[in-house]
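Colleague: I am new to this one. Please walk me through it, feature by feature.

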Amino acid sequence: MTYRTLLLLCLFVFQCASVEHKNTRGVHLTPEWGPVEIKQTVRTMTSSLKKFFVNKKRRPFLELGELQNKSSEHINTNLITSELTSSLLQEKITFVDKSKREAAIREAKLAQEGLVQERSAIPAGEFLSPNYVLEGTIDDNVRYERSVKTQYIVVTLRLTEVASGAIRWQKQKKFLKVSRRKVVGW
């Protein structure tokens, strides 16, 4: 390969590569799970949960359970739960992170033993117990017919009351995606 050919090849490769930042509102559906589905799911679930909690006499404290991806796609469920948590926190719905309790218990013990300054000590009896656990699944059904892929995706979230184990709220967001594969050589 000559120097000139190599230079032209490099210029071609660099010309083909580009990065563009876009607002998620202007993004279109793609054959794979993407920002459109995440935003629509979070918006639907936040709105429905907000309505559910409006008339509750007792203030809700939620624990975030697992969002299981049982679909055929690679879906980063942490991205969904992170956006959902942020959205619900903006609506003044409180989450309890029980993973921090052990560290807090150690600090409270230090305070009881007089090893921590009183003004910064964690007082006993300040932990919150979640009264609900929010968890869910992402399922899909995929069918291929010739060069057409039809995918039915269902995101289900449920809210289980900790005291009784009863499911008190459940919502689904559904997507039906049809994509055509390009067949090369036909």
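**Layout**

Modeller: From the N terminus on, the elements of the protein run α-α-β-α-β-α-β-β-β. That comes to four helices and five strands. Helices (H or I, at least four residues) and strands (E, at least two) are DSSP runs, numbered from the N terminus. This is a predicted model: local features need pLDDT of at least 70, side-chain atom pairs count only at pLDDT 80 or more, and totals for chains, interfaces and linings use all residues. Residues are numbered from 1 along each chain as its sequence is written, and side-chain values use heavy atoms, with hydrogens and water left out.

Colleague: How many residues of the protein count as buried, as a percentage?

Modeller: Buried means under 20% relative accessible area, exposed over 50%, partly exposed in between (1.4 Å probe, protein chains only). Of the 186 residues here, 31% count as buried.

Colleague: What share of the contacts links residues 24 or more positions apart?

Modeller: Contact means heavy atoms within 4.5 Å. Among contacts with a separation of 6 or more, residues 24 or more positions apart account for 65%.

**Helix and core**

Colleague: How do I read helix α2?

Modeller: An α-helix has 3.6 residues a turn, so residues three or four places apart point the same way. Helix α2 covers residues 35-53, 19 residues in total. From first C-alpha to last, α2 reaches 27 Å, close to the 27 Å expected at 1.5 Å a residue. The expected span is 1.5 Å times one less than the number of residues. The buried residues of α2 include V36, I38, M45, L49 and F53. Their cover includes β1, α3, β3, β4 and β5.

Colleague: Which residues have the most contacts inside the largest nonpolar core?

Modeller: In soluble globular proteins, nonpolar side chains tend to be buried together. A nonpolar core is a set of buried Ala, Val, Leu, Ile, Met, Phe, Trp, Tyr and Cys residues joined through side-chain atoms within 4.5 Å. The largest core here has 24 residues, and those with the most contacts inside it are W33, F53, L62, L134, L159 and W169. The elements giving two or more residues to this core are α2, β1, α3, β3, β4 and β5. The largest share, six residues, comes from α2. Look at W169: leaving out residues up to four places away in sequence, W169 touches M45, S48, L49, F52, L134, L157, R158 and L159.

**Cavity**

Colleague: What lines the largest cavity?

Modeller: Rolling a probe the size of a water molecule over the atoms shows where empty space is left. On a 1 Å grid over the protein atoms alone, a cavity is a set of points where a 1.4 Å probe fits but cannot get out; lining residues have an atom within 4 Å of a point. A search of the whole structure finds one cavity of 30 Å³ or more. The largest cavity has a volume of about 50 Å³, the space filled by probe spheres set on the points, which are joined across faces, edges and corners. Its lining is L64, G65, E66, L67, T81, L84, L134, E135, G136 and L157. The largest share of that lining, four residues, comes from β1.

**Backbone**

Colleague: Where do K92 and R146 lie?

Modeller: Most residues other than glycine have a negative phi, and most peptide bonds are trans. K92 has a positive phi of about 70° and lies in the loop between α3 and β2. R146 has a phi near 60° and is in the loop between β3 and β4. K92 is exposed, at 69% relative accessibility. R146 is exposed too, at 78%.

Definitions and conventions
1 Å grid on protein atoms, 1.4 Å probe; cavity = no way out; pocket = protein on both sides within 12 Å on 5 of 7 lines; lining within 4 Å.
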